[in-house]
Amino acid sequence: MKLSRRCFLSLVAGGAAGTALSPLPWKLADDSSIWSQNWPWTPVPPDGEGTYTLSTCTLCPGGCGINVRKIDDRAIKIEGAKDHPLNDGGVCMLGLSGLQMLYGPTRIQTPLKRAGDRGQGQWKPISWEQAIGEVAQKLGDLRGLGKPQSLACIAAKDTGTVGRLLRRFMSAYGSPNFFRMPSVEDAYEAAIYITQGAIGSAGTDVNNADFILSFGSALLDGYGSPVRVFRANSRLKELNGTVVQVEPRLSNTAAKADKWLAVKPGSEADLALAMAHVIISNNAMNQTFIADQVEGFEAFARMVQEKYAPETAAGKTGLSVDVISEWAMKFASARRPLALYGKGKGQVPGSLKEALAVHALNALVGNINAEGGVWALPAYDYINWPDIETDSVAAAGLQTPRMDGAGTDKYPHARYLTHRIAAGAEGIEALLVAESNPCFSLPNVQAIRTAFEKIPFVVSFSSFMDETAMNADLILPNHTYLERYEDVPVTAGVTQPTVGLCRPVVEPLYKTRHLGDSILQIAKAMKGTVAGAFPWEDYESCLKLTLAGHWETLEEKGVITAAGYAPGGFETASGKFMLMNDDQGAVYMADDVATEGNGNEYPLVLIPYDSIRLASRYVGAAPFMIKTVSDAVIKGQDGYVEINPETAKTLGLADGQLATLTTPVGTAKVGIHYDEGIMPGVVAMPRGLGHTAYDRFLAGKGVNVNELIGFVEDPASGLDAAYGIGAKLA
Amino acid sequence: MSSNEDPKPKDVTEEAHSPSSKGGGGGAYLLLFFLIGLALSMVVGWGIFPKVLYSTKSQPFDFNHKLHLEQVDDSCQSCHFLREDGTFSGAPRLAQCIDCHEQKEREVPWLIYARQPDCVFFSHAAHIKGAGVDCVTCHGNTGTSESLRTYQENRITGYSRDIWGHSIAGIKHNTWDRMKMDDCAACHKDSGSHESSVQTGRDACFVCHK
């Protein structure tokens, strides 16, 4: 028999029929559908016991309470803590993304020692004993040479037990050169001290104001304690209150405000003082408050009447006299008006003159230390440690002046002039960097990096491989905030003293160590009086002893707030609010802050802006956040600048094209994005892009605005007051 | 109609392919081959395929449910309990074992017979507490067994054979023999629960598929 084609077809047909009558095809179809839902890259929530850990977010100064959901040992979601006095269940995008930092690829997993050149990214893992030993040895040598003042330290904050341990270490060691990263608090602290004699921070009672006049504050992009300010803005909308946004570009806040006053960059102080002129001329100020509680009103009134007529301000700001008068009077006639100072999220101190002018507006309407107004929040005083016994080396070192000149006769109003590191780090032989990323977030980062190159010994305590860690010699990685205890005293505009407790949500994932413990161990290894200043066994016992009676409440509730706190009287010599005195006269008389770069060579002004979708302090934006950035800001790897079409057309620049942006500080390739919402002649770029470190989700995307902008010192305070920089586009 | 308009081509085709026009095998042969194909594929489908589809694994150790059940006070719930938040603990963790046993060092990697695919949202609380369903209804007489069955893992899906059921044809004699969607639906229909969804008026998909 020959096997014919027909027989074969018959066999196949039989096979097909048999297969159809067997479970095989049906079972395979079912199984493959289940298989296709179980790709290995599809994230599958882990199975296990769900628990919550109450903690505090430290990714920005806002101090929000967070409740972290865990399944067994893995943290799976960050939620806002219900009933928290600041955020009551709310959480921002950065706070939500914290787990990507905890579990992300940029964590530093063990102490590292530089193996190649600085910035090359070649590291050798070392033991903690060696890391602590090497730092102690190096710092001990410097002290041996009698140069303790050549040690500097840069930290995000100077409060709380960690901030205070760092400062205590510097004092016991013998160096006055502790630096805090610049922020609007520098200017607010100075303004509160000059006018009210109070040492502390400014609280803004946004929750009880019915009219907010914001001088560029990003109410909807992360100003102050972000969730608190968001909520206050929503509340104002519900109650038919008013928000006026003074800003050169149509930011989210300006877009949602009741009135957007587009002013020329840098003219905010003139606007505030012209508004004061209008209020005084119309006798619309709070007469009782002025009469009973203000000193120097006449002098202030004379100054604004002589120098700040609305007609003058109209030219400088670009607003009409009518608009200035109208909104000044609306502000003065509101029931609880509140003027806010601090541009964007408040990452640049800004001009003291502007801070004082805005504060003066609040004083004129009598809302200082009043509901819905600006409060002086006293410095936190729960940390009571024994005095430090210094040895002769430390005593001599502490007698030397601060390198940045802060607090001297020339700059009495500044406590820290951290930006000056860009002007040179001569004299710094060793530098400790904690919870901050100066090589990314300070203005003119090229100069900062050059300054770093000249510092022989840089120690980073970063948890992440950021730009500063890349430029360090040794990295002693800190636990992330989700792996550690820490007290978080909040100053970000809150009106009630509030201390949150950051606590470990998960066990440390890697061989990291608490910054507080690293400091204690370095001090102990140095022996003598330096070791003697730290009587605690470890950070946790230091924290518990320091918080004493508050510890249990913090453990239980996660936050302590002095609800019902109300500020007392003014702490000035006369017990009155100083609207004008010699100090303030000097500030008001000082020159305006000018931008770098003159009008002929640099016809445009580049201004940075802040976005809630990006982060530009210690931590970089998480992948979740980058995903939400519009392609008008980043497209591919290119960063785009906002420019008014009118300006762009005169320069011959088409929408979407790439161009070269040049400033006196740097040059960058940027994309052009036409935006009717920005003033002609102004170019805007967000902070927080252009990372060179971090992971592929963040690195190389867009341009770091700090590579294009330098610092401009406020003639009055010395603080960085750069609101922008001269620029050209070609 | 088209077939009437031009009948000729059809006839030609029939002629050319007429079975009697060529030699090489009659109808009997064809039937034989058909039956061979049928038989072979039936053997593969019913006999070989199920054997190939599942790999057999044994549990970390042979747990005696009967023995344990006699020792504990709260029957099955002693080890398989609802947590405070309403989620079900499933297979016991070390934490439950060390209530009675000495400290052990690591979790026991139990193989779970009843694990459903991740697309299924199943709430034990709703069934045990809400509907008062007995453990046995779905899990059979596991509680009185003296040794653990061999675990058969589907090589394609990674889930236990218990879900499809041990009969490859899907035949079931007991309620716990199979745990596919139809089995859920059958019980829901019998008990009259969640009969319709607001949107479709049919059984609600989103009760189980979140």
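Which loop of chain A does Ala548(A) lie in? Select Ala548(A) and you'll land in the loop between α22 (539-547) and α23 (550-557) of chain A. (Helices, H or I with at least four residues, and strands, E with at least two, are DSSP runs numbered from the N terminus.) Ala548(A) isn't a glycine, yet it has a positive phi of about 40°. Ala548(A) is also exposed, with 10 other C-beta atoms within 10 Å. For the cut-offs: 20 or more other C-beta atoms within 10 Å of a residue's own make it buried, 12 or fewer make it exposed, and anything in between is partly exposed, with C-beta atoms placed from the backbone.

Before moving on, some ground rules. What you have open is a predicted model, where local features need pLDDT of at least 70 and side-chain atom pairs count only at pLDDT 80 or more, while totals for chains, interfaces and linings use all residues. Residues are numbered from 1 along each chain as its sequence is written, and chains are lettered from A and ligands numbered from 1 in the order in which they are written.

**Another positive phi**

Now pick Asp83(A), in the loop between β3 (74-80) and α3 (93-96) of chain A. Its phi is near 65°, a positive value in a residue other than glycine. Asp83(A) counts as exposed because it has 11 C-beta neighbours inside 10 Å.

**A helix pair in chain A**

Select residues 268-281 (α10) and 310-317 (α13) of chain A: these helices pack at about 155°, with axes 9 Å apart. The axes are lines fitted to C-alpha atoms, for helices over the stretch in contact, and angles run from 0 to 180 degrees between N-to-C directions. So α10(A) and α13(A) are roughly antiparallel; that label takes angles over 145 degrees, while under 35 is roughly parallel, 65 to 115 roughly perpendicular and the rest oblique. Show Asp270(A), Leu271(A), Ala274(A), His277(A) and Val278(A) from α10(A), and you'll see them meet Pro310(A), Ala313(A), Lys316(A) and Thr317(A) from α13(A). Contact here takes two C-beta atoms, placed from the backbone, within 7 Å.

**Where the chains touch**

Zoom out to both chains: 28 residues of chain A are in contact with 31 of chain B. On the chain A side, the elements that give two or more residues are α1 and α2. Of that side, α1(A) gives the most, with 12 residues.

**Over to chain B**

Chain B has nine helices and two strands, and buried residues make up 10% of its 210 residues.

Select residues 27-53, helix α3 of chain B. The helix has 27 residues and reaches 37 Å from first C-alpha to last, close to the 39 Å expected at 1.5 Å a residue (the expected span is 1.5 Å times one less than the number of residues). Look for a kink of about 35° centred on Gly45(B); the bend at a residue is the angle between axes fitted to the seven residues ending there and the seven starting there. Gly45(B) is one of the buried residues of α3(B), which also include Phe33(B), Phe34(B) and Leu53(B). What do the buried residues of α3(B) pack against? Colour α1 (5-21) and α2 (24-35) of chain A, together with β1 (54-57) and β2 (151-154) of chain B.

Last stop: Ser191(B), in helix α9 (residues 181-191) of chain B. Ser191(B) counts as exposed because it has 11 C-beta neighbours inside 10 Å.
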